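Hello,

Please find the structure below, and read the notes that follow it with the structure open beside you.

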Amino acid sequence: MDLLVSSVLFFLHAVTVDCSPGPSLDVVVDRYDIPRVCPREVSTGDFVRYHFNGTFFDDGKKFDSSHDRGKAFISQVGLGRLITGMDRGLQGMCVNERRRITIPPHLAYGSIGTGGVIPPDAVLVYDVLLLDMWNEEDKVQIRKLSKPASCERSSVASDFVRYHYNGTLLSGEAFDSSYSRNTTYDTYLGQGDLIKGMDEGLLGMCVGERRVIIIPPFLAYGENGYGTQVPPQATLVFEVLMVDMFNPKDDLIVEMKKVPKGCNRRTVTGDYIRYHYNGTFQDGTAFDSSYQRNSTYNTYIGMGYVIKGMDKALQGLCIGERRRITIPPHMAYGEEGVGDLIPSSAVLVFDIHVIDFHNPKDPVMITVTHKPQECSATSEADDLIQYHYNCSLMDGTLLYSSDPNSPSTTTLGANMVISGLEEGLSGMCVGERRRVVVPPHWGHGESGAGGVPRSAVLFFELELVELQKGVPEGFMFVWLGDGPDPLFPAMDLNGDKEVPLEEFSAFIMLQVQEGKGRLRPGFNNDSIIEDMFNNQDSNKDGKIVEAELGRQDKEPEQVRRDEL
């Protein structure tokens with residue numbers, strides 16, 4: 001029942017604390033359970049919300065209980081809205097304090113009683129638990145628990161924020177928590193989507209900041225409360241963690257962490273890029289990483305293969321550059337998010353490292369770092385060459401290297417190396433050194449190779465060690481200019497009209513020594529000459545005669561083949 005005010009007003013006496021068992025002429029307050037922390041005490045003009053059990057002093061019989069009704073009692077203290085004894089007994093009380101207030105008749109319902117419930121001259125005993133207090137002049141209270149050392153931006157009206165919270169009543173009783181739902185609370189600030197006190201309390205926060213926001217009832221859910229969770233006229237306490245924020249007008253934020261020296265080319269639309277990244281939310285929680293997969297992310301730039309913000313952020317980068325990119329949701333995955341990986345309306349932060357990039361139209365890039373003063377011959381197709389090399393990725397990762405004591409050997413034009421390396425080795429002098437950049441379409445392409453990542457740009461350091469001029473494919477010997485005419489008399493060194501293998505071999509080697517002919521490099525000379533001899537010795541009698549040579553019936557190119 002409501003505590004009615006007696007029609008007779010008595011002179012107000014100071015509250016005394018008296019634990020004597022008998023009735024008193026004044027209010028007796030027994031503070032039998034006082035909380036350790038009491039930031040505020042009830043004073044005149046405060047509103048209070050409390051539970052109580054009311055009993056008679058004489059026999060201990062209960063006459064009223066807010067507990068039994070399941071609803072706390074709400075009133076204002078010190079302004080005559082309560083019986084005088086209760087007005088005095090609640091003064092100086094703390095939230096969560098328990099008191100036993102004994103009130104004599106003249107400060108309760110006097111000699112009249114009330115409603116057949118309280119008899120005349122009854123001494124009343126109230127066991128009170130204070131749940132809440134507030135004042136009409138109260139404002140939102142903010143207590144900062146922690147704040148990041150660096151705060152580049154704080155929340156303002158019209159921002160969209162994502163935050164976690166634990167919500168309790170002033171008594172500490174929990175009524176809601178975003179953590180229990182495992183999802184942040186997401187909303188715009190300053191647009192009336194929140195209770196007024198929370199709209200105010202979230203202003204000026206940094207991402208990663210924690211604060212306690214205490215909201216009086218009239219800036220929260222007021223007289224109506226909120227369902228069964230928040231009772232009427234309840235002060236609310238929110239412990240808040242700001243997870244991230246953005247404004248619909250936000251653009252990318254790009255922070256350059258490292259720009260390599262000597263950057264002579266930057267990414268443009270249409271380039272194909274390989275980069276590593278760590279992806280986090282604004283509070284630092286990781287959601288993805290290419291490093292964990294041990295594989296770069298590879299994509300074309302400006303062609304819509306990645307989120308809009310990343311497509312824009314990948315423009316103007318150098319190989320080896322590191323950037324931090326902050327992408328607002330409307331340039332990332334928006335309100336939909338990505339399954340359990342990216343929440344709705346999440347701001348994404350990427351720390352990226354550019355490994356390499358190229359354009360599908362790129363040629364092989366050759367830089368000569370050393371060229372000898374004397375250069376009598378340069379490498380070309382069919383030449384047999386020996387060379388030293390280092391092969392690296394563009395970030396400096398060494399993939400392969402030739403043995404310092406045993407150079408690599410190849411025949412140019414024979415498809416024995418990737419086309420980009422073939423290009424880089426062509427036109428070199430012995431002793432020349434080069435740096436060669438090979439785009440993937442001149443290298444191992446989209447498939448990669450053993451140790452070479454997919455679509456990797458390769459960097460070669462080359463030095464030509466030895467050069468043996470070659471012969472065209474399918475040839476074992478060529479004349480360097482016009483051969484002897486007639487040929488057979490020149491071959492018949494002793495003039496006996498027949499040329500055995502030894503004499504044939506001596507003739508061929510003489511042409512090579514005098515620079516008139518060339519054997520195919522990379523093969524055993526004796527084996528080549530023997531094959532050439534056997535090809536001409538049509539009757540297989542171990543000697544060639546003029547009739548077997550048959551030069552007049554052959555085309556010049558055919559004459560230069562094994563047949564001579």
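**What was found**

In this predicted model, glycine 515, which comes just after helix H9, takes a positive phi of about 75°. Helix H9 itself covers residues 501-513, which makes 13 residues, and from its first C-alpha to its last it reaches 18 Å, close to the 18 Å expected at 1.5 Å a residue.

Which residues of H9 are buried? They are Glu503, Phe504, Ser505, Phe507, Ile508 and Gln511. As a general point, an α-helix has 3.6 residues a turn, so residues three or four places apart point the same way.

**Aromatic pairs**

The count of aromatic pairs comes to 28. In one of them, the ring centres of tyrosine 277 and phenylalanine 350 are 5.8 Å apart and the ring planes stand at 70°, so this pair is edge-to-face, given that planes over 60 degrees apart are classed that way. The pair links distant parts of the chain, since tyrosine 277 belongs to strand E14 (residues 272-281) and phenylalanine 350 to strand E18 (residues 348-358), 73 residues apart. Tyrosine 277 has a relative accessible area of 6% and is therefore buried, and phenylalanine 350, at 7% relative accessibility, counts as buried too.

Another pair is made by tyrosine 389 and phenylalanine 460, whose ring centres lie 6.5 Å apart with their planes at 50°, so that the pair is tilted. Because tyrosine 389 lies in strand E20 (residues 384-393) and phenylalanine 460 in strand E24 (residues 458-468), this pair ties together parts that are 71 residues apart in sequence. Both tyrosine 389 and phenylalanine 460 are buried.

Elsewhere in the chain, one aromatic cluster is formed by Tyr50, Phe52, Phe56, Phe63, Phe73 and Tyr126.

How values were computed:
Residues are numbered from 1 along each chain as its sequence is written. This is a predicted model: local features need pLDDT of at least 70, side-chain atom pairs count only at pLDDT 80 or more; totals for chains, interfaces and linings use all residues. Side-chain values use heavy atoms; hydrogens and water are left out. Helices (H or I, at least four residues) and strands (E, at least two) are DSSP runs, numbered from the N terminus. The expected span of a helix is 1.5 Å times one less than its number of residues. Buried means under 20% relative accessible area, exposed over 50%, partly exposed in between (1.4 Å probe, protein chains only). Rings of Phe, Tyr and Trp (its six-membered ring) pair if their centres lie within 6.5 Å; planes under 30 degrees apart count as stacked, over 60 as edge-to-face and the rest as tilted.
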